[in-house]
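I opened the notebook to record what I looked up, entry by entry. The sequence and the structure come next.

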Amino acid sequence: MHPTLRAFVCAAAFACLASCSRGIEQTTAPGATLAGSLISSRTTMVTAWEFPKNPLTDPALDDSRLSNEIRSGFRIFTNTRVEASRFTPGGMTCNNCHLNGGQREKSLPLVGITGMFPEYNRRSGRLFSLGDRIVDCFLRSQNATGSPDADKELPSLTAKEVLALSAYLTWLSQGFEVGKNPPWRGQNTIPASTLIPIAALDPAKGEAIFKERCITCHGPDGQGVAVGDKRPGPLWGPDSWNDGAGAARVYTLAGIIRYSMPYLDPGSLTDEDAQLLAAFINSKPRPAFPFKQKDYQTEKLPVDSVYYPR
Ligand code: HEC
Ligand code: HEC
C-alpha cells in the first residue's frame with residue numbers, strides 16, 4: 001500500500017473505531033425510509049473505495065448490451081479523465097464531486113434521482129432530460145468546451161459516454177418511484193439563515209483555512225496530491241471545472257465542501273468556514289465557459305455566480 005495512503009487509512013480506521021462499527025450505514029436523513037443504501041457522510045477514507053451498488057461485481061448483471069453499458073458508465077464515472085478523455089481536457093472526474101460513484105450521502109448523491117427528469121433547469125430556462133443534465137456536466141464541470149477538439153465535437157445526447165453514464169445512473173435509480181424526490185437529494189446546501197453576503201466573504205481568510213485544513217491532499221497549488229490511486233481534481237487553474245459550472249458558484253461549492261470535506265473529517269467545518277473556503281477557491285482563475293451569455297436569460301442571475309458579468 002502507498003505510504004501516504006496507509007497513513008490516511010490508519011487515521012481513518014482509528015477514527016472509525018471510536019465512531020462507527022460498520023462502513024456502510026443506512027442514511028440518517030430525518031424521517032426517511034431508505035430503499036437503497038448510501039455510504040454515510042460521516043465515514044472517511046476507509047470507505048473511499050466502497051460502492052453499495054457496484055456493476056462490476058453485481059451478479060444480477062449479465063452479458064447483455066445494457067449490462068455492458070452500465071459497467072462502462074461506472075468506469076467513466078469513476079475515472080472520467082481517462083475513460084472520457086475526449087470530453088475531459090483537464091483533470092476532473094465525476095466521482096471527485098459525487099463521491100463513491102454518486103452513492104455517498106451529502107456528497108451530491110445521484111441514487112434514485114433519474115426519475116425526477118425531465119426537470120426544469122433554471123440556468124438554461126428549459127426542461128432538461130437526464131441526458132441534457134449529463135451533457136451539461138461534461139460541458140461545464142468537465143470543461144469539454146476547453147477540449148482541443150471542441151470545435152469539431154462537443155458531448156451530445158447520443159455520445160457513447162453520455163449514454164453509458166445515463167445507463168449507470170438509471171441503474172442506480174432502479175426501484176425508486178418516478179417523480180418522487182429522494183430525501184437525500186439537494187442536501188448539499190448551506191441553510192439560508194447562515195448565508196454570508198458574497199461581498200463580505202474575504203478570500204484571504206478562506207486561504208488561511210485552506211492552508212491549515214486542505215493542502216495535505218489538495219496541495220498548496222490546489223492541483224491535488226495522489227493518495228494511493230485516488231487523487232482529488234484540480235480546484236482551480238486550466239485543468240479544473242470551468243467558470244460556468246455549478247461548482248463555480250460560491251454557495252454551491254460551499255455546500256459541497258461543508259458536508260464532504262475535509263475527506264477524513266467531513267462535517268467538521270462551520271457554515272462560515274465552508275463559505276470562506278469557497279470564496280477563496282472561486283476567486284482563482286479557471287477556464288472560461290464560452291456560452292455564459294446564453295445562461296440565465298429567463299431566470300435571475302444567482303448572487304453567487306461570481307464569474308458572470310453583472
Ligand atoms: C466540480 C464538481 C462536479 C463534477 C466534476 C461533476 N458534477 Fe455533477 N453536479 C455538481 C453540482 C454542484 C451539481 C448540482 C447542480 C448544480 O448546481 O449544477 C451536480 C448535479 C449533477 C446531476 C443532477 C443531480 C440532481 O439531483 O438533479 C447529475 C445527474 C450529475 N451532476 C452528473 C454528473 C456526471 C455524470 C459528471 C461527470 C461527467 C458530473 N456530474 C461531474 C458538481 C459536479
Ligand atoms: C485527506 C485528504 C483530503 C483533505 C484534507 C481534503 N480533501 Fe478535498 N478531496 C479529497 C479527495 C480524495 C477528493 C476526491 C474524491 C474522489 O474522487 O473520490 C476531494 C475532492 C474535493 C473537492 C471536489 C472537487 C475536486 O476538484 O476534486 C473539493 C471542492 C474539495 N475536495 C475541497 C476540499 C477543501 C476545501 C478541503 C479543506 C477543508 C479539503 N478538500 C480537504 C481529499 C481531501
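I sorted residues by class: Ala, Val, Leu, Ile, Met, Phe, Trp, Tyr, Cys and Pro count as nonpolar, Asp, Glu, Lys and Arg as charged, and the others, Gly among them, as polar. I worked from a predicted model, in which local features need pLDDT of at least 70, side-chain atom pairs count only at pLDDT 80 or more, and totals for chains, interfaces and linings use all residues. I kept to residues numbered from 1 along each chain as its sequence is written, with chains lettered from A and ligands numbered from 1 in the order in which they are written.

Entry: ligand 1.
I looked up the shell, counting a residue as near if its C-beta atom, placed from the backbone, lies within 6 Å of the molecule. I found 23 residues around ligand 1, and the closest are Cys-94, Cys-97, Cys-137, Ser-141 and Gly-246. By class, I noted 14 nonpolar, seven polar and two charged residues in this shell.
I took helices (H or I, at least four residues) and strands (E, at least two) as DSSP runs, numbered from the N terminus. Helices H4 (94-97), H6 (130-140) and H7 (160-172) each supply at least two residues of the shell around ligand 1. H6 gives the most, with four residues.

Entry: helix H2.
The 14 residues of H2 should span 20 Å, and the end C-alpha atoms are 20 Å apart, so the two agree.
I then looked up burial (buried: 20 or more other C-beta atoms within 10 Å of a residue's own; exposed: 12 or fewer; partly exposed: in between; C-beta atoms placed from the backbone). In H2, the buried residues include Glu-69, Ile-70, Arg-71 and Phe-74. Their cover, by contacts (C-beta atoms, placed from the backbone, within 7 Å), includes helix H3 (80-83), H4, H5 and H7.

Entry: backbone exceptions.
I noted that most residues other than glycine have a negative phi, and most peptide bonds are trans.
A cis peptide bond joins Phe-117 and Pro-118, with omega about 0 degrees. I placed Pro-118 in the loop between helix H5 (99-102) and strand E1 (119-121). Another cis peptide bond joins Met-261 and Pro-262, with omega about -10 degrees.
Which loop holds Lys-106? I found Lys-106 in the loop between H5 and E1, with a positive phi near 60 degrees. Lys-106 counts as buried because 23 C-beta neighbours lie inside 10 Å.
Tyr-296 has a positive phi near 50 degrees and lies in the segment after H11.

Technical notes
The expected span of a helix is 1.5 Å times one less than its number of residues. Two residues are in contact if their C-beta atoms, placed from the backbone, lie within 7 Å.
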